Amino acid sequence: IYPAREPVFSKRSRVEISFKAAEGLPEITRKPVSPISFSSAQQVFDVSGEKIGRVIHSIIYEISNNKLVFESHALKDRTMFFLKKMKVDVNIEEVEMHLANLEKPEIKKIILPNKNGYSEIQFLVEINGDCVFGIIDRVIFENGICKIYDFKTRQKPEIEEADIKQLTLYREGINKLFSCKKIQTFIVFTFCGIIKEVKT
């Protein structure tokens, strides 16, 4: 199960490296001094929301990589499996809202397997002397444009300053990896079923 994706800064951060059992890919996580989310330094860490985020990201990843059939019952069964495995109580109606919105045509198109698409792309770049690590949820090359998608499970679909900074880093990371001339960045808000372009 994968955590909500946020960039991790190495400067003055305690960093741990572990390996995912399925892919054997390195995963770097930051352990801050206090349990605060990256999106807002004033926001209290929401355990339930964080767990839902992990589950939804896992579902999206498995669909994009042909590990899970995109059918309502399959999505629900797999979600319940993850929730049971994580041993956490969440609002099931809230989780079902996310799953229902994944089936919206404009969002489903992004999630479905795509020969020109990549999921969970990891990058490590140096910016202004700092080593920056990130994991990008979804990248799709379409008509000569590299489209970056970040999935957010929070309930409010407003674009925050932290989102702009995050996607700016993602743009830099993708440009380093693929030397893209045209890049567009988007946030998919799964609770509301809304896609918003983020100007970076």
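**View 1. The right-handed crossing of α2 and α3.** In this predicted model, helix α2 crosses helix α3 with a right-handed sense, a crossing being right-handed if the near helix is turned clockwise from the far one by less than a right angle, and left-handed if anticlockwise. The axes of α2 (residues 72-86) and α3 (residues 92-102) come within 11 Å and cross at roughly 140°, where axes are lines fitted to C-alpha atoms over the stretch in contact and angles run from 0 to 180 degrees between N-to-C directions. The two helices are therefore oblique to each other, since angles under 35 degrees count as roughly parallel, over 145 as roughly antiparallel, 65 to 115 as roughly perpendicular and the rest as oblique.

**View 2. Residues that join α2 to α3.** From α2, the residues L75, K76, T79, M80 and L83 meet I92, V95, E96, L99 and L102 of α3, contact meaning heavy atoms within 4.5 Å. By class, this contact has seven nonpolar, one polar and two charged residues.

**View 3. The chain around the helix pair.** The chain has five helices and eight strands, taken as DSSP runs (helices H or I, at least four residues; strands E, at least two) and numbered from the N terminus. Along the sequence these elements follow the pattern β-β-β-α-α-α-α-β-β-β-α-β-β. Among contacts between residues at least 6 apart in sequence, 60% join residues at least 24 apart.

Residues are numbered from 1 along each chain as its sequence is written, and side-chain values use heavy atoms, with hydrogens and water left out. Local features need pLDDT of at least 70 and side-chain atom pairs count only at pLDDT 80 or more, whereas totals for chains, interfaces and linings use all residues.

Methods: Ala, Val, Leu, Ile, Met, Phe, Trp, Tyr, Cys and Pro count as nonpolar, Asp, Glu, Lys and Arg as charged, and the others, Gly among them, as polar.
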